[in-house]
Amino acid sequence: MSNFLIECRGLYKTYGLRPALSGVDLAVGPGRIVGLLGPNGSGKTTLIKLLCGLLRPTAGWLAVDGEAIGPYTKSVVSYLPDRMYFADWMRATDLFDLFRDFYADFDYEKAFAMCRSLGVEPHDRLKTMSKGTKEKVQLVLVMARTAKLYLLDEPIAGVDPAARDFILRTILTNYNEEGTVLISTHLISDVEKVLDEAIFLKQGKIMLHQTVDAIRAKENKSVDALFREIFQAGPMFDEEEGF
Amino acid sequence: MLLKLLKYDSRAMWKQFSLIWGAALALALVHRLTHTLHFIVTLGTRIANFTNLALAIVFVAMFVISVMFIIQRFSKGLLGGEGYLMHTLPVRPWQLVLSKLICAIVTGLGSCVVAFLSAILMYPEDFQRFFQSVNWLKLFRRLLQNLGTLVLAAEFCMVILSFLILFISTIYLAISIGHLFSHHRRLISLVSFIGLYILIANIYSWVLSYKVIQALVDAATVNAYGSMLTDIAIMLLPAAAFLAVVCWILENKLNLE
């Protein structure tokens with residue numbers, strides 16, 4: 001059995017002729033908070049969708065908790081998409097019922113407690129809720145699980161700085177510490193303080209995968225500063241040799 | 001897991017159809033009551049005319065909503081935004097499709113039953129007298145003595161069910177084919193739906209051109225029992241193939257963008 005929670009080898013994904021991921025090799029262990037960092041169109045969402053089983057790789061090998069993607073891996077992955085997935089007729093409690101039925105690790109009481117602390121009324125119809133409240137419900141569904149892997153796709157995109165802190169605090173106070181959190185974002189400065197590892201993705205390729213401490217020690221700069229250097233000042237190293 | 005999916009899908013169905021089914025039955029009752037208003041004939045006739053129209057609208061609406069529901073539950077539920085939820089549940093794609101199919105069949109049958117009940121309710125006949133006029137015991141005894149009639153009735157029900165399954169699985173495959181394209185998905189789905197029925201007709205005419213197959217079909221359809229069983233097979237075979245392709249597309253070609 002592998003010690004890694006996420007393993008990818010030679011992972012390719014193309015949409016038609018357009019490559020989204022090109023030969024991604026990746027291994028992430030348990031108990032980590034990992035930033036999946038890259039500009040728009042770098043392949044972050046594609047990688048997350050592959051991990052949660054919404055997409056099939058064009059080529060390569062991919063495993064979560066030592067298993068190929070399937071019902072088992074879906075049962076240990078808690079996924080926050082970058083969009084709403086609610087049906088209009090539902091209330092938050094309907095979703096809680098659904099999650100309790102399908103996920104053994106879903107904590108029903110915790111979901112209600114989180115709703116109370118986030119100021120969400122779970123018996124209200126979702127279609128009457130504001131966008132921000134719906135996002136909170138979606139966050140509650142994800143964080144009320146004791147999952148092995150949390151896949152959070154742009155959880156702080158499109159919200160004001162105060163809301164970003166609020167969301168990050170909710171994630172940090174509720175995640176399973178034995179599990180791994182993979183957060184995709186291009187807002188590096190907001191998440192940097194909570195990250196253990198950073199993965200830089202550019203044009204479907206991994207440019208860098210290191211611990212945040214190693215980056216700071218080696219480069220003598222913050223992850224945000226390094227990110228800006230790599231993605232704004234053009235290539236600073238040969239792609240063949242890696243970082 | 002399939003039962004859990006069915007619970008979720010039937011809840012979605014009930015939220016939508018409880019209102020329309022209830023409205024159909026309520027209007028049928030109103031229509032019936034207006035026929036008993038002999039003491040205010042003019043008003044009664046006006047109300048009856050109105051409820052006739054309203055009931056016709058409800059029937060048409062029920063059919064249209066049933067088809068729309070079948071399309072929407074599949075396209076939005078599995079290939080739209082809700083797909084982000086459904087495809088990350090720890091289940092296999094075939095379970096998702098089967099759950100949607102069962103729910104769609106129940107919706108179709110439920111609408112038929114409600115339409116039938118509404119027609120009975122509308123009929124201006126004294127139910128008590130009607131039920132008393134039939135010797136039910138004798139009727140059941142005769143039915144049990146002649147089991148062939150029961151088998152024929154069961155086969156007829158199966159023919160209707162098979163027709164419904166083929167219709168729904170063709171809709172599912174047409175939508176799935178449309179999903180494979182990035183533009184004009186609805187148009188491609190519509191063309192696919194028509195194309196799939198043409199394909200079935202062509203395949204069967206090609207298969208039946210073989211004398212051996214034709215002889216087998218002739219032998220199987222010598223009586224009503226065999227004819228209906230053959231019809232069931234003719235409809236269920238392509239339906240099974242269509243559903244298998246739908247599951248393959250969901251498993252391998254899903255793209256919720």
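This is a predicted model: local features need pLDDT of at least 70, side-chain atom pairs count only at pLDDT 80 or more; totals for chains, interfaces and linings use all residues.
**View 1. Chain B meets chain A.** Chain A brings 28 residues to the contact, and chain B brings 26. About 2600 Å² is buried between the two chains. Carbon and sulfur atoms supply 61% of that area. On the chain B side, Tyr84(B), Thr88(B) and Pro90(B) lose the most area to chain A. Together they make up 25% of what that side buries.

View 2. The rule finds 4 salt bridges between chain B and chain A. In one salt bridge, Arg56(A) pairs with Glu251(B). Their closest N and O atoms are 2.8 Å apart.

**View 3. Helices of chain B face chain A.** Helix 1 (2–35), helix 3 (83–86) and helix 10 (224–252) of chain B each supply at least two residues of the side that touches chain A. Which helix of chain B gives the most to this side? Helix 1 does, with 7 residues. By type, this side of chain B has 11 nonpolar, 6 polar and 9 charged residues.

View 4. Helix 1, helix 2 (41–79), helix 7 (147–179) and helix 8 (185–207) of chain B each supply at least two lining residues. Helix 2 of chain B gives the most, with 9. The lining divides into 15 nonpolar, 8 polar and 9 charged residues.

**View 5. The second largest pocket has residues of both chains closest to its centre.** Its volume is about 740 Å³. Of its 31 lining residues, Lys13(A), Tyr15(A), Arg18(A), Asn255(B) and Glu257(B) are the closest to the centre. Strand 1 (6–15), strand 2 (18–28) and helix 1 (44–52) of chain A each give at least two residues to the lining. Helix 1 of chain A gives the most, with 4 residues. The lining has 9 nonpolar, 13 polar and 9 charged residues.

**View 6. A salt bridge forms within chain A.** The structure holds 18 salt bridges over all chains. One of them joins Glu154(A) to Lys44(A), with the closest N and O atoms 3.8 Å apart. Glu154(A) lies in the loop between strand 7 (149–153) and helix 6 (161–174) of chain A, while Lys44(A) lies in helix 1 of chain A, so the pair ties together parts that are 110 residues apart in sequence.

**View 7. The largest cavity is lined by residues of both chains.** The structure holds 3 cavities of 30 Å³ or more. The largest has a volume of about 80 Å³. Its lining includes Trp89(A), Asp94(A) and Asp97(A) from chain A, and Lys4(B), Lys7(B) and Arg11(B) from chain B. Helix 3 (92–102) of chain A and helix 1 of chain B are the elements that give two or more residues to this lining. Helix 3 of chain A gives the most, with 5. By type, the lining has 4 nonpolar, no polar and 6 charged residues.

**View 8. The second largest cavity also has residues of both chains in its lining.** About 70 Å³ of space lies inside. Among the lining residues are Cys52(A), Phe99(A), Arg145(A), Leu85(B) and Thr88(B). The lining divides into 7 nonpolar, 1 polar and 2 charged residues.

Methods: Residues are numbered from 1 along each chain as its sequence is written. Chains are lettered from A and ligands numbered from 1 in the order in which they are written. Side-chain values use heavy atoms; hydrogens and water are left out. Contact means heavy atoms within 4.5 Å. Buried area is the accessible area (1.4 Å probe) that two parts lose on being put together, summed over both. A salt bridge is a side-chain nitrogen of Lys or Arg within 4 Å of a carboxyl oxygen of Asp or Glu. Ala, Val, Leu, Ile, Met, Phe, Trp, Tyr, Cys and Pro count as nonpolar, Asp, Glu, Lys and Arg as charged, and the others, Gly among them, as polar. On a 1 Å grid over the protein atoms alone, a cavity is a set of points where a 1.4 Å probe fits but cannot get out, and a pocket is an open set with protein on both sides within 12 Å along at least five of seven lines; lining residues have an atom within 4 Å of a point. Grid points are joined across faces, edges and corners, and a volume is the space filled by probe spheres set on the points.
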